[in-house]
Amino acid sequence: MDGALVDAIVAAIVAELLEELDAAFLGPAHRIYCYRAADGTVPAREFLDEIGDEPAGSYAKSFQKRAGGHQIPGEKWRKWTEPNCEGLFEFKDIQSKSRILHTTDRGSLTILLYGFTGKKENKVDQVHVNAGKRLRDEYRARRDLIEKRITARFGTYTQKKRR
């Protein structure tokens with residue numbers, strides 16, 4: 001895919017589907033955003049706003065490390081390996097027993113989807129698994145529509161430019 005086309009797609013995804021959490025998390029290696037769901041809510045931001053200063057600060061440190069391209073310790077981050085959970089990851093705060101689910105896209109985008117509390121070990125209640133998968137799938141479907149729209153416009157533009 002052409003670099004200009006990818007840039008246009010990413011710009012549209014950010015504008016239409018994502019919400020900036022903090023400019024400090026738009027680092028050179030990864031850019032961390034919150035997903036704005038189809039119903040207009042921003043579940044990850046709402047979770048971070050309600051969780052309290054100490055856990056929010058712990059997550060902020062992890063987000064800054066990821067944005068800068070640094071490794072996050074295993075007790076603070078994990079890739080989900082459960083069936084049908086491909087593309088889902090979690091940031092963890094051990095003290096508050098909370099997690100924030102995320103997915104990645106277009107190389108450098110980290111998209112925070114959903115947060116929850118109440119689990120200490122890696123086993124996650126099915127209700128949280130389902131919520132994470134639903135938001136991941138919703139994001140991907142909406143992203144794919146944006147990609148088709150921008151690709152069609154870009155193709156039309158480049159065809160006119162060649163004439």
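The side chains of R45 and E19 form a salt bridge, at 2.4 Å from N to O. A salt bridge here is a side-chain nitrogen of Lys or Arg within 4 Å of a carboxyl oxygen of Asp or Glu. R45 sits in helix α2 and E19 in strand β1, so this pair ties together parts that are 26 residues apart in sequence. Helices (H or I, at least four residues) and strands (E, at least two) are DSSP runs, numbered from the N terminus. E19 has a relative accessible area of 23%, so E19 is partly exposed. The classes are buried (under 20% relative accessible area), exposed (over 50%) and partly exposed (in between), with a 1.4 Å probe and protein chains only.

This is a predicted model: local features need pLDDT of at least 70, side-chain atom pairs count only at pLDDT 80 or more, and totals for chains, interfaces and linings use all residues. Residues are numbered from 1 along each chain as its sequence is written, and side-chain values use heavy atoms, with hydrogens and water left out.

**Salt bridges**

The count comes to 11 salt bridges. Three of them are tabulated here, including the R45 and E19 pair.

| Pair | N to O distance |
|---|---|
| R45 and E19 | 2.4 Å |
| R78 and E90 | 3.1 Å |
| D105 and R143 | 3.2 Å |

The side chains of R78 and E90 meet in a salt bridge. R78 belongs to strand β3 (residues 77-79) and E90 to strand β4 (residues 89-93), so the link ties together parts 12 residues apart in sequence. R78 and E90 are both buried.

D105 and R143 also meet through their side chains in a salt bridge. Strand β5 (residues 98-105) holds D105 and helix α4 (residues 126-162) holds R143, so the pair ties together parts that are 38 residues apart in sequence. D105 is buried, as is R143. A network of salt bridges links D105, R106, R143, D144 and E147.

**Helix packing**

Helix α2 (residues 43-51) packs with helix α3 (residues 53-68) at an angle of about 130°, and their axes are 8 Å apart. That makes α2 oblique to α3. Angles under 35 degrees count as roughly parallel, over 145 as roughly antiparallel, 65 to 115 as roughly perpendicular, and the rest as oblique. Axes are lines fitted to C-alpha atoms, for helices over the stretch in contact; angles run from 0 to 180 degrees between N-to-C directions.

F47, L48 and I51 in α2 meet P55, A56, Y59 and F63 in α3. Contact means heavy atoms within 4.5 Å. By class, the contact has seven nonpolar, no polar and no charged residues. Ala, Val, Leu, Ile, Met, Phe, Trp, Tyr, Cys and Pro count as nonpolar; Asp, Glu, Lys and Arg count as charged; the others, Gly among them, count as polar.

**Loops**

G52 lies in the loop between α2 and α3. Its relative accessible area is 31%, so G52 is partly exposed. G52 and S96 are 44 residues apart in sequence, with C-alpha atoms 9.3 Å apart in space.

L26 is in the loop between β1 (18-20) and β2 (31-35). At 27% relative accessibility, L26 counts as partly exposed. L26 touches E20, R31, I32 and Y33, not counting residues up to four places away in sequence. L26 and Q64 are 38 residues apart in sequence and 8.5 Å apart in space, C-alpha to C-alpha.

**Cysteines**

The count comes to zero disulfides, where a disulfide is a pair of cysteine sulfur atoms within 2.5 Å. C34 counts as buried, at 0% relative accessibility. C85 counts as buried, at 0% relative accessibility.
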